[in-house]
Amino acid sequence: MLTQHQAKKSISPQLINFAILFILVLLYAPLVHHWYDGWINKNISTEHEYFSHGIIGFPFAGYLTWMNRKKWLRLPNKTNILGGILLALGGVFYLSGVAEWVNMSFPVILTGLCLWLKGIEGFKLQSFPLLLILLATPNSVPYLIAPFTLPLQSFIAGTAGFILNQFGLPVVVDGINIYAKGRIVEVAPYCAGLKMLFTTMYVSLILLYWTDNLSHRRKSIWFLSIAAIISVTANIIRNTLLTFFHATGQDGAFYWLHDSWGGDAYSACMLLVLIPAINWVDSYFSENSEIHLKDEIQ
C-alpha cells in the first residue's frame, strides 16, 4: 500500500500538465471554435470582429508556449496566492453565463494557472503568450470607444474627399458624409479603421517579439508609430476607393472591397508592408548605434 508521500511522487508533473490541458480543452474548445467560426465566416457581432487577429494570435501563443515547455518544466513548483484568486475569479466569470465574462475568464484562468503552478517566474515566462491571448479575447472595448472616433471619421472623410477632388471627381464633404454624383458615403464609426488599427498593432507586437526588438523601447515606439501611420493611411485609401466605386456606380467593386474577401486581401497586403518597415527601423537604429560607438572610440 502506497503512502501519501509515495502517491504524490508517483503522479508525474507531465501527467498533471496533461490533465490540466484536458480540462482547459473541455471548457474552452467550444468557445474558441465559436470565435473562429465567427471571425472566418463573419457571422459574429461587429464588436467581436475587431478581435479577428486572434486567428493568427492564438496559434502563435500556443507555439510560443510549446517552445517554452522545457523552461517551464525546469522552473520550481512555487504557488503564488494571486494565482488562486485569479482561478477563483475566472471560475466565477465562467459560471456566470454572461458572454462577456465567460470570454474574459479564458485569459484570467490561464494567468491564474501560471501563477498557481510556477509563481511569478512562470508568469514571466508565459507573459507574452498570455498578452496575445488577452488582446485577442473578444470584449466590449470597441463598442465603448466607438462614440469617441468622430474626429477620426471626419479626418478620413475630409482627406478622402480632398483626394477625389484632385482626381477630378466632384465631391462635397459634410462632417463624416461624402457626397459624390448624387450618392452618399458615410464614414461610420466601424469604417474609421479601428479594426485595421487593432490588427496592425497586434501584428506589430508579434513582429517586435519575433525580431527580439520588443524590449528595445526606442525601436518599439518608432515601429508602432510607423505602423499606426501605415494603418491610418491604408484606411484613408480604402475609404477613397469605396467612395469612388459607389459614386461611379461600380457596386460590384464596392461590395467586393467593403463586404467580401477584397477587404481581407487589402488588409493582408497592408500588413505585409510592416515587414520592410520593421527591417528599416532595425537597420536604422543599428547603423546609428555603430556610428555612435565609433564616435566614442575616436
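Which are the buried residues of helix 8 (residues 127-135)?

## Helix 8

The buried residues of helix 8 are Phe128, Pro129, Leu130, Leu132 and Ile133. Buried means under 20% relative accessible area, exposed over 50% and partly exposed in between, with a 1.4 Å probe and protein chains only. Helices are DSSP runs of H or I with at least four residues, numbered from the N terminus.

The cover over these buried residues includes helix 4 (54-67), helix 7 (99-125) and helix 11.

## Basis of the model

This is a predicted model, in which local features need pLDDT of at least 70 and side-chain atom pairs count only at pLDDT 80 or more, while totals for chains, interfaces and linings use all residues. Residues are numbered from 1 along each chain as its sequence is written, and side-chain values use heavy atoms, with hydrogens and water left out.

## The cavity

One cavity of 30 Å³ or more is present. A cavity is a set of points, on a 1 Å grid over the protein atoms alone, where a 1.4 Å probe fits but cannot get out; lining residues have an atom within 4 Å of a point. Grid points are joined across faces, edges and corners, and a volume is the space filled by probe spheres set on the points. The largest cavity holds about 30 Å³ of space.

Its lining consists of Leu152, Ala192, Gly193, Leu194, Leu197, Ser231 and Val232. Helix 11 (194-210) and helix 12 (217-247) each supply at least two residues of that lining.

## Thr199

Thr199 is found in helix 11. Thr199 is buried, with a relative accessible area of 14%.

How values were computed: 1 Å grid on protein atoms, 1.4 Å probe; cavity = no way out; pocket = protein on both sides within 12 Å on 5 of 7 lines; lining within 4 Å. Contact = heavy atoms within 4.5 Å.
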